[in-house]
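Colleague: I'm new to this one. Can you walk me through it?

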Amino acid sequence: MSSFAKMLSIIDLFSEEKPVWTAEEIAENLGVSIPTGYRYLKELCQSGLLARSTGGLYFLGSKIIELDYQIRTSDPIMLAGKPIMQTLRDKAGSEIMLSHIYNDRILIIHEERTSENLMISFSRGRMHPLFQSATSKIILAYLPKNQLDKLAAKYEALYASKAVESWDEFKAKLGTLRREGFSISHGEIDTNLTAIAAPVFTNQQIRGSLSMVMPTRRYELFNKEKITEAVIEAAQQLSDALSRNEVPEPE
């Protein structure tokens, strides 16, 4: 790993579980000397990506808030997805979520909520569990085999703690999801909530998923075929818009 990559990897250390770090902890985690760690931290603080508080503690800086605003107003996936998601939300009266995969992470990047405001554990900005629920599984179903196997090897312990089937059985289920073009899960993360998800592509490359989330009791009352078709159609509309580079101008 280059020095620049090591410096940027410091940002990945900050999490909900550990939002503040000392310079010594960061240097030890990166496997660099204390002076090198301080040099990295100085540059990140100067850029605004990190900030330093009293007591020598470091936390994420204000530049990230500025970047988040830029993403909200210029991200092509979000700009193209918002009107499609709003239409689907109003049509079904359910929460709509847009997720994006990068590296080995699945991140919820936009939501269209209803007045019901369901208590969904994972919302914008939070990493979604890799191997749980329709939102992630439909993305995994379209990953190249070598990439999927690398994820399995890297997160074997995580997978084993969440799943009841073997990896081969799980991959077989992903194959079924790929053939069907959608995924449905009931209560895998939040009890009594159902998620229906369909893949989102850019030029036939998987980019993420579009999910509808609702109370399971309501799902049981819907025409399941029609509601699933509506999610698939919305995801296809977004995929087509991205592939044709038809992105609305920022408001």
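Colleague: Which helix is Lys154 found in?
Modeller: Lys154 is in helix H7. Helices (H or I, at least four residues) and strands (E, at least two) are DSSP runs, numbered from the N terminus.

Colleague: Is Lys154 buried or exposed?
Modeller: Lys154 is exposed, with a relative accessible area of 58%. Buried means under 20% relative accessible area, exposed over 50%, partly exposed in between (1.4 Å probe, protein chains only).

Colleague: How far apart are Lys154 and Asp104?
Modeller: In sequence, Lys154 and Asp104 are 50 residues apart. In space they are 9.5 Å apart, C-alpha to C-alpha.

Colleague: What kind of model is this?
Modeller: This is a predicted model: local features need pLDDT of at least 70, side-chain atom pairs count only at pLDDT 80 or more, and totals for chains, interfaces and linings use all residues. Residues are numbered from 1 along each chain as its sequence is written, and side-chain values use heavy atoms, with hydrogens and water left out.

Colleague: On to sheets. What is the order of the six strands in the open sheet?
Modeller: The order is E6-E5-E4-E9-E8-E7, with antiparallel pairing. Two strands pair if DSSP finds at least two bridges between them.

Colleague: Which strands are at the edges?
Modeller: Strand E6 (127–128) and strand E7 (183–186). Each pairs on one side only.

Colleague: How many bridges do E4 and E5 pair over?
Modeller: Seven, in the antiparallel sense. His100 stands opposite Leu107 in E5. The hairpin of E4 and E5 has two residues between the strands, and Asn103 there takes a positive phi near 55°.

Colleague: And what joins E5 to E6?
Modeller: Two bridges, and the strands run antiparallel. Leu107 has Met127 in E6 as its bridge partner. E5 is mostly covered, too: seven of its eight residues are buried.

Colleague: How about E7 and E8, how many bridges there?
Modeller: Four, again antiparallel. The bridge partner of His186 is Thr194 in E8.

Colleague: Which strands does helix H11 touch?
Modeller: Helix H11 (residues 224–243) packs on the sheet and touches E4, E7, E8 and E9. Its direction makes about 25° with that of E8. Helix H5 (residues 76–92) lies across E4, E5 and E9, at about 60° to E5. Axes are lines fitted to C-alpha atoms, for helices over the stretch in contact, and angles run from 0 to 180 degrees between N-to-C directions. Contact means heavy atoms within 4.5 Å.

Colleague: Now the sheet of three strands. What is its order?
Modeller: E1-E3-E2, an open sheet with antiparallel pairing. E1 and E2 are the edge strands. Two bridges join strand E1 (residues 21–22) to strand E3 (residues 57–60), and Thr22 stands opposite Leu57 in E3.

Colleague: And how many bridges for E2 and E3?
Modeller: Four, between strand E2 (residues 50–53) and E3. Ala51 has Phe59 as its bridge partner. Their hairpin has three residues between the strands, with Gly55 at a positive phi near 85°.

Colleague: Which helix packs on that sheet?
Modeller: Helix H3 (residues 34–47), touching E2 and E3. The direction of H3 makes about 110° with that of E2.

Colleague: New topic. At what angle do H6 and H9 pack?
Modeller: Helix H6 (residues 133–140) and helix H9 (residues 167–180) pack at an angle of about 85°, with their axes 9 Å apart. They are therefore roughly perpendicular (angles under 35 degrees count as roughly parallel, over 145 as roughly antiparallel, 65 to 115 as roughly perpendicular and the rest as oblique).

Colleague: Which residues meet there?
Modeller: Lys137, Ile138 and Leu140 in H6 meet Phe170, Leu174 and Leu177 in H9.

Colleague: Last one. Which residues touch the most other members of the largest nonpolar core?
Modeller: Leu140, Leu143, Leu174 and Val213, out of 29 residues. A nonpolar core is a set of buried Ala, Val, Leu, Ile, Met, Phe, Trp, Tyr and Cys residues joined through side-chain atoms within 4.5 Å. A second, separate core of 26 residues includes Ile84, Ile96, Leu210 and Ala241.

Colleague: What is Leu143 in contact with?
Modeller: Leaving aside neighbours within four places in sequence, Leu143 is in contact with Ile101, Leu148, Leu151, Arg178 and Ile206.
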